[in-house]
Amino acid sequence: MAAERRAAKAQAASSSNIFSGAVEEAQLIVWPSLQEAVINTFVVIAMVFVSAAMLFGVNTGLAAVSNAVYKPSSSASKPEASAESGPARPEAPQLRTPPTSSFPSLD
């Protein structure tokens, strides 16, 4: 088999037409049977689902740990607003008045 491949490659290299070389090389490929192709397809799909499930589990676990570590306690998170005044609003910043200009007017 190896000798056939070497001979085919040597013949393809001596050929000036690249398309005939590609056809000859494609004829040397050992293609899987339909049953092998279907089985390999299902194996790949199963491995994708298993990998996705494992990554989902790791992600969920790390998210739970992150929430437990970085989430502030509920009593210190926000002050409660009374029902009458509505939700608490932050205080508006105090606006500074611009200083009077020391430049002469152009009137």
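Q: Where in the chain is confidence highest, and where is it lowest?
A: A predicted model carries a confidence value, pLDDT, for each residue. The mean over this chain is 80, with 72% of the residues reaching 70 or more. Confidence is highest in helix α3, at a mean of 96, and lowest in helix α4 (residues 74-77), where the mean is 54.

Q: How many of the residues count as buried?
A: A residue is called buried when its relative accessible area is under 20%. Of the 107 residues in this chain, 3% count as buried, while the chain exposes about 10,500 Å², of which carbon and sulfur atoms supply 65%.

Q: Is A8 buried or exposed, and which residues does A8 touch?
A: A8, which lies in helix α1 (residues 2-14), is buried because its relative accessible area is 14%, and that value is under the 20% cut-off. Leaving aside residues up to four places away in sequence, A8 touches E24 and L28. The C-alpha atoms of A8 and E25 are separated by 7.5 Å, although these residues stand 17 residues apart along the chain.

Q: Which residues form a nonpolar patch on the surface, and is L34 buried or exposed?
A: The patch is formed by L34, V38, F42, I45 and F49, which together have about 560 Å² of accessible area. L34 belongs to helix α3 (residues 34-70), and L34 is exposed because its relative accessible area is 68%, which is over the 50% cut-off.

Conventions. Residues are numbered from 1 along each chain as its sequence is written. This is a predicted model: local features need pLDDT of at least 70, side-chain atom pairs count only at pLDDT 80 or more; totals for chains, interfaces and linings use all residues. Side-chain values use heavy atoms; hydrogens and water are left out. Patches are made of residues with over 30% relative accessible area and no salt bridge: like charges are joined within 9 Å, nonpolar side chains (Val, Leu, Ile, Met, Phe, Trp, Tyr) within 5 Å. Accessible areas come from the Shrake-Rupley method with a 1.4 Å probe; for residues, only the protein chains shown count as cover. A salt bridge is a side-chain nitrogen of Lys or Arg within 4 Å of a carboxyl oxygen of Asp or Glu. Helices (H or I, at least four residues) and strands (E, at least two) are DSSP runs, numbered from the N terminus. Buried means under 20% relative accessible area, exposed over 50%, partly exposed in between (1.4 Å probe, protein chains only). pLDDT is the predictor's confidence in each residue, from 0 to 100. Contact means heavy atoms within 4.5 Å.
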